[in-house]
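Please walk through the fold below, starting from a single residue and widening to the whole chain.

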Amino acid sequence: VEAYEDGLAPRTLGPPREGLQEERIAVRASSASLVGTWLRPALAPGSDEAVLLVAGSGPTDRNGDNPLGVSGAPLAWLAVQLAREGLSTVRMDKRGVGE
């Protein structure tokens, strides 16, 4: 799946997520919010435990994409594979990057 962002180049949105639950989350502070994605197996027991996936250096978003040359959503792919193995994940955009 691809989408165009800012009219520059196609941006991969990541792997299919059938059988998984995906939820947009936000952590709010007094002056800003960080937005992210909580991905978990659809049949996961009621657990709040999750693996936190942290984006690399530079303007890298929660999916692992970077306008300086990284595309393909590597962190989204990793999150889906972990969810298929029964592990929930949380991916957050960094301040000033992504949503």
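Valine 35 has its place in strand 4, where helices (H or I, at least four residues) and strands (E, at least two) are DSSP runs, numbered from the N terminus. This is a predicted model, in which local features need pLDDT of at least 70 and side-chain atom pairs count only at pLDDT 80 or more, while totals for chains, interfaces and linings use all residues. Residues are numbered from 1 along each chain as its sequence is written, and side-chain values use heavy atoms, with hydrogens and water left out.

Is valine 35 buried or exposed? Valine 35 is buried, at a relative accessible area of 7%; buried means under 20% relative accessible area, exposed over 50%, and partly exposed in between (1.4 Å probe, protein chains only). Not counting residues up to four places away in sequence, valine 35 touches Arg24, Ile25, Ala26, Arg62, Met92, Asp93 and Glu99, contact being heavy atoms within 4.5 Å. Arginine 91 is 56 residues from valine 35 in sequence, yet the C-alpha to C-alpha distance between the two is 8.7 Å.

Strand 4 (residues 33-41) pairs with strand 3 in the antiparallel sense, over nine bridges; two strands pair if DSSP finds at least two bridges between them.

Next comes the helix. The buried residues of helix 1 are Leu75, Ala76, Ala79, Val80, Leu82 and Ala83. These residues lie on the same side of helix 1, because they cover an arc of only 165° around the axis, the arc being that of the directions from the helix axis to the C-beta atoms. The buried residues of helix 1 pack against strand 3, strand 4, strand 5 and strand 6 (89-92). Just after helix 1, glycine 86 takes a positive phi of about 95°.

The loop between strand 5 (51-53) and helix 1 (74-84) holds threonine 60. Threonine 60 is buried, with a relative accessible area of 7%. A polar atom of its side chain lies 2.9 Å from the backbone oxygen of serine 57. The side chains of threonine 60 and asparagine 66 are joined by a polar contact of 3.1 Å. A polar contact is a pair of N or O atoms within 3.5 Å; within protein, one must be able to donate a hydrogen and the other to accept it, and residues adjacent in sequence count only if both atoms are side-chain atoms. Leaving aside neighbours within four places in sequence, threonine 60 is in contact with Ala55, Asp65, Asn66, Lys94 and Val97.

Finally, the chain as a whole. The chain has one helix and six strands, running β-β-β-β-β-α-β from the N terminus. Buried residues make up 34% of its 99 residues. Of the contacts in the chain with a separation of 6 or more, 55% are between residues 24 or more positions apart.
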